[in-house]
Amino acid sequence: MELAEQSHSSSNIYEPIQNWNQKDLGLLTGERGMYKLAHYWQYALVCSGFQVFNLDCAIRFNPFTITEETRKQNLAPEPFLEQIQIQRAFTPYQILDALQNILKEKRENTIYFMLAPCKQFLDGDVKDDEGIYLLHLMLNFIEKFPTENIPLLIIESWTYSHQNFKLFFPKLLRVSQTLWELKTEKGLSRIRTRKTSLTGA
């Protein structure tokens with residue numbers, strides 16, 4: 001299997017989501033700022049007529065970020081927030097159950113976000129061997145989203161020091177057809193996009 005890779009960078013926070021092929025599995029990562037950026041993208045998607053579903057795995061969703069963005073445009077926040085659903089999951093098993101339910105439901109006109117999905121699998125209450133097994137089980141579910149034509153964006157930090165994350169994250173990068181990397185330098189943010197497509201078997 002060969003991988004064809006294209007990449008470019010942008011300082012326009014909305015450009016990446018506007019150009020995203022929703023058939024691709026998307027991953028937004030970086031050291032910081034990713035979750036706030038994801039809120040802006042959700043605002044843009046609602047403006048485009050989509051509904052948004054957040055599987056929030058570490059209490060990363062903040063409705064006030066959406067509210068601030070709508071008020072900048074002199075718009076009432078309520079109609080936007082009504083199009084954004086949040087389901088919180090606090091254990092690996094809740095995350096896996098939620099992914100299974102999403103794959104079964106296949107809601108139309110809905111973009112799915114997973115916020116910080118790895119964190120619960122790295123918790124001290126989860127044994128290392130169980131954690132890595134469950135992470136790979138989660139990856140199996142995630143890989144089904146493109147084949148089921150369910151748009152999914154994963155928002156995850158790259159800064160976890162846990163050994164299981166170091167083993168797992170490269171695999172998550174590999175299955176992501178569109179990777180966005182948020183970099184902040186000298187107070188300026190830039191989004192690097194890597195588009196990977198399969199060119200052969």
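Leaving aside residues up to four places away in sequence, Gln51 touches Gln83, Asn109, Thr110 and Ile111. The model is predicted, and within it Gln51 belongs to strand 3, which covers residues 51–56. Gln51 counts as partly exposed because its relative accessibility is 38%. Of its contacts, Thr110 stands 59 residues away in sequence, although the two C-alpha atoms are 4.7 Å apart in space, while the side chain of Gln83 makes a polar contact with the side chain of Gln51.

Helix 6 comprises the 20 residues 128–147, and at 1.5 Å a residue it should span 28 Å, which agrees with the 30 Å that separates its end C-alpha atoms. Its buried residues are Gly131, Ile132, Leu134, Leu135, Met138, Leu139, Phe141, Ile142, Phe145 and Pro146. An α-helix has 3.6 residues a turn, so residues three or four places apart point the same way. The buried residues of helix 6 pack against helix 5 (92–105), strand 5 (110–115), strand 6 (152–157) and helix 7 (163–175). After helix 6 comes Asn149, with a positive phi near 55 degrees.

Ser157 lies in strand 6, and it counts as buried because its relative accessibility is 6%. Not counting residues up to four places away in sequence, Ser157 touches Thr29, Gly30, Glu31, Met34, Tyr35, Phe165 and Phe169. The side chain of Ser157 also takes part in a polar contact with that of Thr159.

| Side-chain pair | Polar contact distance |
|---|---|
| Gln51 and Gln83 | 3.3 Å |
| Ser157 and Thr159 | 2.6 Å |

Technical notes: Residues are numbered from 1 along each chain as its sequence is written. This is a predicted model: local features need pLDDT of at least 70, side-chain atom pairs count only at pLDDT 80 or more; totals for chains, interfaces and linings use all residues. Side-chain values use heavy atoms; hydrogens and water are left out. Helices (H or I, at least four residues) and strands (E, at least two) are DSSP runs, numbered from the N terminus. Buried means under 20% relative accessible area, exposed over 50%, partly exposed in between (1.4 Å probe, protein chains only). Contact means heavy atoms within 4.5 Å. A polar contact is a pair of N or O atoms within 3.5 Å; within protein, one must be able to donate a hydrogen and the other to accept it, and residues adjacent in sequence count only if both atoms are side-chain atoms. The expected span of a helix is 1.5 Å times one less than its number of residues.
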